[in-house]
Amino acid sequence: MRMKSLALLLALAGSVRAQSYRPAPENLAARQWFEDNRFGMFIHWGVYSVLGDGEWVMNNRQMTVAEYERLAPRFDPEQFDPAAWVALAKSAGMRYITFTTKHHDGFAMWRTSRNHWNIVDATPYRKDVVKMLAEECRRQGIKLFLYHSQLDWHNPDYFPLGQTGHASDRPPGGDFNKYLDFMNAQLRELLTGYGPIAGVWFDGMWDKPDADWHLEKTYSMIHALQPAALVGSNHHRAPYPGEDFQMFEKDLPGQHTQEFNGTSTIGSLPLETCDTINGAWGYNSKDTHFKSSRELIQYLVRAAGDNANFLLNIGPKPDGTIQPEFVERLHAMGAWLARNGDTIYGTRGGPVPPRNWGVTTRKAGKVYVHVLDWPDEVLALPRLEGIRGARLFPGGAKVETAQVPGATLVRLPAGARDPVDTIVELDMAE
Ligand code: H79
């Protein structure tokens with residue numbers, strides 16, 4: 001009886017601890033930095049890139065572990081140039097990079113001591129690309145987040161299997177807690193050997209949503225090693241204690257256009273949405289359905305109006321180069337941000353909730369009205385009080401506004417229109 005109540009007490013203490021996560025001051029500062037910077041580069045790169053058929057190829061083609069392992073000797077990215085990758089991100093106006101350290105195939109893109117299923121031991125390339133990228137990010141002043149898959153189609157201790165990876169032909173059995181120890185040990189390597197890490201972007205928990213992942217243990221280890229590192233997880237649910245930001249995949253926050261986002265509700269943490277340029281995360285040589293630069297810029301603007309960051313993906317080729325269709329679009333985004341970045345960076349979602357015509361952003365003393373899709377000369381906003389002046393951004397040409405009962409009218413003559421985003425800067429009474 002006494003043992004039982006002690007156990008209950010300990011369990012309660014554990015859950016109270018989990019509930020009462022108090023982010024460190026440097027973590028809160030990092031959250032603010034994150035929201036102020038709004039735009040990041042997602043990179044999906046691994047042995048799967050060799051087949052040019054996306055990062056799910058092992059699962060989709062029902063490959064066994066033994067078959068899949070034969071890809072590693074073919075992964076030799078001789079043209080990988082981390083300086084060029086980081087410079088490309090910067091030229092797009094991106095402020096951070098989120099890199100796939102390990103995807104669902106379990107392959108480690110760094111020199112891990114936990115197994116041989118990694119870029120140093122299993123490929124002819126033999127170099128630690130996470131280290132190369134981390135050093136270059138530091139040199140060029142861009143922050144590095146680590147994507148890390150909790151789901152693992154390769155490790156035999158990832159057992160029982162979840163909803164995916166059933167053709168891998170691993171021996172049945174295996175100890176899930178041992179797998180979690182392995183995962184935590186790999187994360188410890190990443191958080192101790194690669195300098196300051198801006199955050200960890202978890203994915204794949206949705207594969208076994210009801211397993212006990214001992215999140216508290218993993219999250220508190222990360223925060224103990226690097227208090228400023230932001231923890232987030234793409235589990236499609238409301239945030240768990242110990243998480244510092246919330247992400248949405250291929251969806252603006254709260255828009256349930258993807259079936260798997262059905263249960264996601266928006267919490268109070270900084271938000272991020274991620275998407276692809278064509279339809280693929282990992283390199284797909286056949287997918288030529290590229291979004292236009294205009295669409296991508298408008299998505300960034302809509303995300304900012306939703307108070308969310310935009311993490312835009314590239315899937316580099318197996319030789320380490322980046323296809324020209326991606327480069328061209330990233331340069332167009334960078335050129336747009338060079339002119340208009342003041343209305344995106346350092347802002348928060350504005351006073352008018354996102355609409356079909358566009359969004360608003362705000363910063364001290366300013367509201368920016370981003371008109372993305374509106375055919376008429378006059379746009380009616382819900383009435384905004386305290387407008388002291390209105391002009392086009394950039395350029396500064398005066399914009400007429402009028403206060404009427406229930407609305408603020410903004411006049412946008414044809415000559416003032418920008419086909420991507422017509423921005424009106426409002427001076428607001430503080
Ligand atoms: O890394 C990229 C993708 O590989 C990964 N997340 C991005 C960032 C990703 N994995 N899965 N998905 C995206 C969406 C797919 C969900 C599904 Fe399912 C997996 C549909 C069916 C199997 C999860 C499990 C939802 C239903 C069952």
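Me: Great, what should I know before we start?

Reply: This is a predicted model, in which local features need pLDDT of at least 70 and side-chain atom pairs count only at pLDDT 80 or more, while totals for chains, interfaces and linings use all residues. Residues are numbered from 1 along each chain as its sequence is written, and side-chain values use heavy atoms, with hydrogens and water left out.

Me: OK, at what angle do H8 and H9 cross?

Reply: Helix H8 (residues 176-192) and helix H9 (residues 215-225) cross at roughly 15 degrees, and their axes come within 10 Å. Helices here are DSSP runs of H or I with at least four residues, strands are E runs of at least two, and both are numbered from the N terminus. Axes are lines fitted to C-alpha atoms, for helices over the stretch in contact, and angles run from 0 to 180 degrees between N-to-C directions.

Me: And how are H8 and H9 oriented to each other?

Reply: H8 and H9 are roughly parallel to each other. Angles under 35 degrees count as roughly parallel, over 145 as roughly antiparallel, 65 to 115 as roughly perpendicular and the rest as oblique.

Me: Which residues of H8 and H9 meet?

Reply: From H8, Asp-181, Met-183, Asn-184, Leu-187, Arg-188, Leu-191 and Thr-192 meet Lys-217, Thr-218, Met-221, Ile-222 and Leu-225 of H9. Contact means heavy atoms within 4.5 Å. By class, this contact of H8 with H9 has 6 nonpolar, 3 polar and 3 charged residues. Ala, Val, Leu, Ile, Met, Phe, Trp, Tyr, Cys and Pro count as nonpolar, Asp, Glu, Lys and Arg as charged, and the others, Gly among them, as polar.

Me: What about H10 and H11?

Reply: The axes of helix H10 (residues 293-305) and helix H11 (residues 324-340) are 9 Å apart, and the two pack at an angle of about 50 degrees. That makes H10 oblique to H11. On the H10 side, Ser-293, Leu-296, Ile-297, Leu-300 and Val-301 make the contact, with Arg-329, Ala-332, Met-333, Trp-336 and Leu-337 from H11. This contact of H10 with H11 has 8 nonpolar, 1 polar and 1 charged residues.
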